[in-house]
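Please look over the model below.

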Amino acid sequence: MVKEILSSSEERLKKSVEALKSEFASLRTGRASSSLLDKVLVDYYGTPTPVNQIAQVTVPEPRMIMIKAYEKNMLKEIEKAIQKSDLGLNPNSDGAVIRLSIPQLTQERRKELVKVVNKKAEDAKVAMRNIRRDGNEEIKKLEKAKEITEDDRKKGQEDIQKLLDKYIKLVDDARAKKEKEVMEV
């Protein structure tokens, strides 16, 4: 019983870390990355579709993203979607491909991004602590129902805490890595 609770908690913790890393990937640093466009949705014949599903996205230079639509008539739609997004990038189209130049970040913008990174990491930690609380409550219910002993409950709660510590460290590592990436000139 306790093992199922632990494995379900660990699965949820893993998903929290993956979600955070995905959030970090879509944050713009001074470097070009195709993952910047992951959250940009294009109106593809009435269906919101991610850019990478209707176009080839490449990074030919450290400060340039190139987008080549699979269907030429989608270039305008992709341009519109990028302009509407909160990336702050101006698409440059030559009729065949769209080029996105990634401007150098100002020091002030870097500091703002670090704050955003820290906030996202803290939100992930709060979500993880909620997962621990849920797991602990389930274990307590098992003890109340006399399905496990008090010792099993204590051991289960210790194990959940160890899991949480492990995943909190992963969040801290990801935060530190992203912070370093943002502050690089």
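This is a predicted model: local features need pLDDT of at least 70, side-chain atom pairs count only at pLDDT 80 or more; totals for chains, interfaces and linings use all residues.

Residues are numbered from 1 along each chain as its sequence is written, and side-chain values use heavy atoms, with hydrogens and water left out.

**Helix H1**

Helices (H or I, at least four residues) and strands (E, at least two) are DSSP runs, numbered from the N terminus. H1 has 24 residues and spans 35 Å from its first C-alpha to its last, close to the 34 Å expected at 1.5 Å a residue; the expected span is 1.5 Å times one less than the number of residues.

Helix H1 (residues 2-25) packs against helix H4 (residues 107-144) at an angle of about 170°, and their axes are 10 Å apart. That makes H1 roughly antiparallel to H4. Axes are lines fitted to C-alpha atoms, for helices over the stretch in contact, and angles run from 0 to 180 degrees between N-to-C directions; over 145 counts as roughly antiparallel. The residues of this contact (heavy atoms within 4.5 Å) divide into 13 nonpolar, 3 polar and 5 charged. Among those on the H1 side are Ile 5, Arg 12 and Glu 23, and H4 contributes residues including Lys 120, Met 128 and Asp 134.

An α-helix has 3.6 residues a turn, so residues three or four places apart point the same way.

**The sheet**

An open sheet is formed by 4 strands in the order E3-E4-E6-E5, with antiparallel pairing. Strand E3 (55-61) and strand E5 (91-93) are at the edges, each with a single partner strand, so one side of each has no neighbour in the sheet. The twist averages 25° from one strand to the next. Two strands pair if DSSP finds at least two bridges between them.

| Antiparallel pair | Bridges | Opposite residues |
|---|---|---|
| E4 (residues 64-69) and E6 (residues 98-101) | 4 bridges | Ile 67 and Ile 98 |
| E5 and E6 | 3 bridges | Pro 91 and Leu 100 |

Ile 98 and Leu 100 make up the covered face of E6, whereas Arg 99 and Ser 101 make up the uncovered one. The hairpin of E5 and E6 has 4 residues between the strands, and Gly 95 takes a positive phi near 95° there.

Conventions:
Angles under 35 degrees count as roughly parallel, over 145 as roughly antiparallel, 65 to 115 as roughly perpendicular and the rest as oblique. Ala, Val, Leu, Ile, Met, Phe, Trp, Tyr, Cys and Pro count as nonpolar, Asp, Glu, Lys and Arg as charged, and the others, Gly among them, as polar. Buried means under 20% relative accessible area, exposed over 50%, partly exposed in between (1.4 Å probe, protein chains only).
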